[in-house]
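Please open the structure in your viewer and keep the sequence panel beside it.

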Amino acid sequence: MKSRIPVVLLACGSFNPITNMHLRLFEVARDHLHQTGIYKVIGGIISPVNDNYRKKDLVAAHHRVAMARLALQTSDWIRVDPWESEQAQWMETVKVLRHHHSELLRSLPQTEGPDHGRAHSLAPTGSALVFPAVPELKLLCGADILKTFQTPNLWKEAHIQEIVEKFGMVCVSRTGHNPNEYISGSAILQRYQHNIHLVREPVQNELSSTYIRRALSQGQSVKYLLPDAVITYIKEHNLYTGDSS
Amino acid sequence: MENSEKTEVVLLACGSFNPITNMHLRLFELAKDYMNGTGKYRVIKGVISPVGDAYKKKGLISAHHRVIMAELATKNSEWVEVDTWESLQKDWVETLKVLRHHQEKLEASSCDHQQDSPRLERPGRKRKWAEQRQDFGQKELLEPKTKDVPKVKLLCGADLLESFGVPNLWKSEDITRIVGDYGLICITRAGNDAEKFIYESDALWKHRNNIHLVNEWITNDISSTKIRRALRRGQSIRYLVPDLVREYIEKHDLYSPESEERNVGVILAPLQKNTAEANS
């Protein structure tokens, strides 16, 4: 049986705060990749953006990381990684991808012997050489991110190319966005469209962190839109009350 | 407005809850925020009343499971609970009768417990008027305060409102009494369509003040049908339903192509009943 390509999904973003929609992205993406028969998703990483991104209303990174951690308590395959948020300055997505990819390579099982450091090993039966497959790291995002590639000066062209050529993307559809349009409207995206997996989310969900923040500042309930543990954390730390800027 | 001047409201949601989802639970939160926000009402309780098996809807699994899932889903809620009366009835019960049952229950408990503090909220919470009574002197004990009985209102999505138009699904007298005697709180995305629907119905129009349309600005399309479909296809339903509900479904393998075939070819109970009465 042909073995599947292992994949790790990386989601970058503000996660301000994390919501059930963010968590759904992972589930939907995993199901989709599994059902292609080609991939096996072995992990998921949430990488909250650095405070120096300076987006409006962005609460401190340590809170956003803590909330993501609480949200992922019950997940056995997704984790939060604070590396990006702990850097001295904001960094481009492609650099975050590069970092996590090299981390993945470093964590691969190594064997001792003359070829130490190279992925060679003798299978227990003594027959074929077994090469542990190198996991692919793919950028997981909403289809709206594809659209932002068109925004002047938001992304470097070379970075867009590296993302779709060297890593790959998994884009989950969102209401009001037609990802096929964004791909056909860009030469680079068209060239690497085999590496851009478009996933249809059958449960349309316009839930966004912006909506959550607005509801919270108006004293409205956000229960069932994000995990209870995150709501408790927000209340305990008085986040998103609308008082602070 | 003082708390004591507000009308206390109990939100009652009837439906299959096959299974219950985060969207169902959101309806309660949105309705409560809206009603409390008017300044005229105080929502004190939410009740989920799963329909009985005699409803005969396609794909409807046993009420026993649907009730347990709803209870698991509301385990962490301070104000929403599940009521099994409707699901335990042998025959299908019209929604009007369920409303009436719950209103009468409230009235009965209000009479019985004039001297005590009625437990309309979850254990641990005292009614405000009971606390106030202790402050009054001896005189007050001779004239027991009759607090207004809380009002039961039907909580629903726009689909239920528009189902009023399906021939033979509802008795028109029932619709009139539901909106006239009780009231409707309808959570909808397309407020305009709902308003138009009300405008085009004399019965609804007459009682439009008793129909509260609450706008759900974000599309939150988590229908039970989609949940069941995802389960049949081996797709994840995580974060769409509470974790406890998901675990229960997995443990008991509740939804399958077979379960979806239940009641195929059987006429829905209200259609059967209303058509039979019309023909008799």
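**Chain B as a whole**

Begin by selecting chain B, whose secondary structure comes to 14 helices and six strands, where helices (H or I, at least four residues) and strands (E, at least two) are DSSP runs numbered from the N terminus. This is a predicted model, in which local features need pLDDT of at least 70 and side-chain atom pairs count only at pLDDT 80 or more, while totals for chains, interfaces and linings use all residues. Residues are numbered from 1 along each chain as its sequence is written, chains are lettered from A and ligands numbered from 1 in the order in which they are written, and side-chain values use heavy atoms, with hydrogens and water left out.

Of the 280 residues in chain B, 49% are buried, a word that here means under 20% relative accessible area, with exposed meaning over 50% and partly exposed in between (1.4 Å probe, protein chains only).

**The nonpolar cores**

Next, select Leu9(A), Ile46(A), Leu140(A), Leu11(B), Ile20(B), Met69(B) and Leu155(B), which touch the most other members of the largest nonpolar core, a set of 84 residues. Such a core consists of buried Ala, Val, Leu, Ile, Met, Phe, Trp, Tyr and Cys residues joined through side-chain atoms within 4.5 Å. The largest share of this core, seven residues, comes from α1(A). A second, separate core has 35 residues, among them Val10(B), Trp170(B), Ala194(B) and Ala269(B).

**Two aromatic pairs**

Select Phe26(A) and Trp77(A), whose ring centres are 5.9 Å apart and whose planes stand at 75°, so the pair is edge-to-face. Because Phe26(A) lies in helix α1 (residues 20–35) of chain A and Trp77(A) in the loop between α2 (61–71) and β3 (78–80) of chain A, the pair ties together parts that are 51 residues apart in sequence. Phe26(A) is buried at 0% relative accessibility, and Trp77(A) is buried at 10%.

Then move to Tyr199(B) and Trp205(B), an edge-to-face pair with 6.0 Å from centre to centre and 90° between the planes. Tyr199(B) is exposed, with a relative accessible area of 58%, whereas Trp205(B) is partly exposed at 39%.

Note on methods: Phe/Tyr/Trp six-rings, centres within 6.5 Å; stacked < 30°, edge-to-face > 60°.
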